[in-house]
Amino acid sequence: VNNNTTTNTDADVWYCTGAEVGNNVALGAPTQMINLSGTNKSINISYYDATSAFASWIHDPDGFDSTLNNQVVYMDWTQNTQTSGAWGPIDTLIANNGSESFDEVSMDFNGKYGAISWTETEYDPNGNFVKSIYADAWNSQTQNWAQASFDSSSYYYFAQPKVSVNRNGYVTLTYQQLQLFDDTLNPDVGQLNLYLNDSKNSPTNWIPNNGNALLGDSSVYDWDLNTTYGQQDTFYIITQEADTITGNAPINPPNGVRFGNNHLNLVFRALKVTPSVVTDVPEPSTHATFSKGHTFDFKLYPNPITS
């Protein structure tokens with residue numbers, strides 16, 4: 001799924017299907033999913049069973065943040081054949097109360113278990129604002145969301161929320177916390193925070209594991225963050241650290257291994273994560289590999305594998 005925006009008042013969302021054919025992946029032709037006035041951003045998609053998927057994103061009907069009228073919307077996908085299917089009607093997932101602006105959203109499903117997280121800017125009548133991060137775990141027993149608010153601050157902002165769900169219903173929320181008003185002489189590189197949830201047994205209980213040294217390098221800024229669960233409780237993180245200037249990231253990152261083309265400064269880390277315990281999984285010394293099952297939502301160009 002991709003957003004194609006030409007102006008701040010005209011946006012549409014496109015998608016294409018992919019099917020595994022032998023050792024290759026066959027992609028269908030790009031097709032318009034929906035045409036909406038305004039802008040779309042932060043698009044997510046994941047399957048919750050073999051033939052059903054759920055797409056969510058932030059839609060702003062006029063394309064201006066200042067009007068405080070964007071909202072999180074969704075559409076359901078029903079797959080008919082290996083390469084074709086149909087989208088259902090668009091609907092509101094998270095409505096806007098008229099005093100907030102949604103910044104980013106992340107969603108993941110794994111079978112009947114799912115989670116969503118979003119960041120937003122909230123304003124009062126005097127024009128003051130706070131930054132907030134929220135998350136919901138899907139309660140598979142009641143078929144409802146169990147909302148939990150994690151943090152609100154006038155001094156920090158929260159970026160790159162990423163939720164990941166494994167097949168047992170374990171949920172991770174990883175996000176970046178940075179100073180809202182930064183010191184230009186001594187800029188804040190921020191930190192990665194982690195919350196853990198057992199959506200199967202206790203979907204409203206989120207356990208913090210913030211500042212864990214296993215998550216990343218506290219001395220560099222993370223330009224991009226992607227997470228996923230692999231087999232069992234193995235949790236993977238890929239970060240783009242520092243920037244794309246060769247040599248600006250450590251050659252031997254702590255608790256990680258360089259991944260892909262060196263000039264992208266990508267770092268791969270693996271952890272064993274349950275709702276209450278985070279332990280290290282040793283990475284390979286020179287090369288990072290993945291198992292089939294989940295994919296990373298890369299926002300990086302060029303491709304880190306083939307470049």
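This is a predicted model: local features need pLDDT of at least 70, side-chain atom pairs count only at pLDDT 80 or more; totals for chains, interfaces and linings use all residues.
Q: Which residue in the turn between strand 3 and strand 4 has a positive phi?
A: The two strands form a hairpin, with 2 residues left between them. Within that turn, the residue whose phi is positive, at about 65°, is G22.

Q: Is S199 buried or exposed?
A: S199 sits in the loop that links strand 17 (191-198) to strand 18 (202-208), and, leaving aside neighbours within four places in sequence, it is in contact with Y113, A137, W138, G169 and V171. Its relative accessible area is 0%. Because buried means under 20%, S199 is buried.

Q: The backbone oxygen of which residue is reached by the side chain of S199?
A: Among the residues in contact with S199 are W138 and G169. The side chain of S199 comes to 2.6 Å from a backbone oxygen, which belongs to G169.

Q: What is the relative accessibility of L68?
A: L68 lies in the loop between strand 7 (52-60) and strand 8 (71-79), and its phi is near 55°, a positive value in a residue other than glycine. L68 counts as buried, its relative accessibility being 18%.

Q: What is the phi of N255?
A: N255 belongs to the loop between strand 20 (234-241) and strand 21 (257-259), and it counts as buried at 18% relative accessibility. Although N255 is not a glycine, its phi is positive, at about 55°.

Note on methods:
Residues are numbered from 1 along each chain as its sequence is written. Side-chain values use heavy atoms; hydrogens and water are left out. Two strands pair if DSSP finds at least two bridges between them. Helices (H or I, at least four residues) and strands (E, at least two) are DSSP runs, numbered from the N terminus. Buried means under 20% relative accessible area, exposed over 50%, partly exposed in between (1.4 Å probe, protein chains only). A polar contact is a pair of N or O atoms within 3.5 Å; within protein, one must be able to donate a hydrogen and the other to accept it, and residues adjacent in sequence count only if both atoms are side-chain atoms. Contact means heavy atoms within 4.5 Å.
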